[in-house]
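Biologist: I am new to this structure and would like to learn how to read it. Could you take me through it feature by feature, with the general idea before the case at hand?

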Amino acid sequence: MLNQVAQDCYPHSICTYLYELASAFMSFYEQCPVLKDGVDSATQHSRLQLCAQSANTIAQGLDLLGIENLSDPEQLVMGNWDALPKVALRTKFTEVSGRR
């Protein structure tokens, strides 16, 4: 997928994929308790693995687009906007493809 995105110069495909992944994860998270009492340890472990893989994939996709991840999500919750990193205007896609 990434080679095709770079070759065709369609970084919006990554955005669409990340949005769909985040939406699917949210549906999963609403329907399947992860850390609540009453969830057996094997199920809890597999759900935590799914959470970690989803977060990892989203983080890598954002990084490819040149969007920095929040280093401390608590800053967002607390409203400390100045502590958040600024979004890079030049994307890694531009660096890889050589196109602007």
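Biologist: Among contacts in the protein between residues at least 6 apart in sequence, what percentage join residues at least 24 apart?

Modeller: A contact means heavy atoms within 4.5 Å, and of the contacts in the protein between residues at least 6 apart in sequence, 49% join residues at least 24 apart. Bear in mind that this is a predicted model, in which local features need pLDDT of at least 70 and side-chain atom pairs count only at pLDDT 80 or more, while totals for chains, interfaces and linings use all residues. Residues are numbered from 1 along each chain as its sequence is written, and side-chain values use heavy atoms, with hydrogens and water left out.

Biologist: How many helices and strands are there in the protein?

Modeller: Helices (H or I, at least four residues) and strands (E, at least two) are DSSP runs, numbered from the N terminus. Here there are five helices and zero strands, and the pattern along the sequence reads α-α-α-α-α.

Biologist: What share of the residues of the protein count as buried?

Modeller: Buried means under 20% relative accessible area, exposed over 50%, and partly exposed in between, with a 1.4 Å probe and protein chains only. By that rule, 18% of the 100 residues count as buried.

Biologist: Which are the buried residues of α3, and what covers them?

Modeller: Helix α3 covers residues 41-64, and its buried residues are Arg47, Cys51, Ser54 and Gly61; their cover includes α2. The 24 residues of α3 reach 34 Å from first C-alpha to last, close to the 34 Å expected at 1.5 Å a residue, where the expected span is 1.5 Å times one less than the number of residues. After α3 comes Gly66, whose phi is positive, near 85 degrees.

Biologist: How many aromatic pairs does the structure hold, and how is such a pair described?

Modeller: A pair of aromatic rings is described by the distance of the centres and the angle of the planes. Rings of Phe, Tyr and Trp (its six-membered ring) pair if their centres lie within 6.5 Å, and planes under 30 degrees apart count as stacked, over 60 as edge-to-face and the rest as tilted. The structure holds two aromatic pairs; one of them joins Phe25 and Phe28, is tilted, and has 5.9 Å centre to centre with 45 degrees between the planes. Phe25 and Phe28 are separated by about one helical turn because they are three residues apart in helix α2 (residues 12-31).

Biologist: Are Phe25 and Phe28 buried or partly exposed?

Modeller: Phe25 counts as partly exposed at 21% relative accessibility, whereas Phe28 is buried at 17%. Ring pairs also link Phe25, Phe28 and Tyr29 into a cluster.
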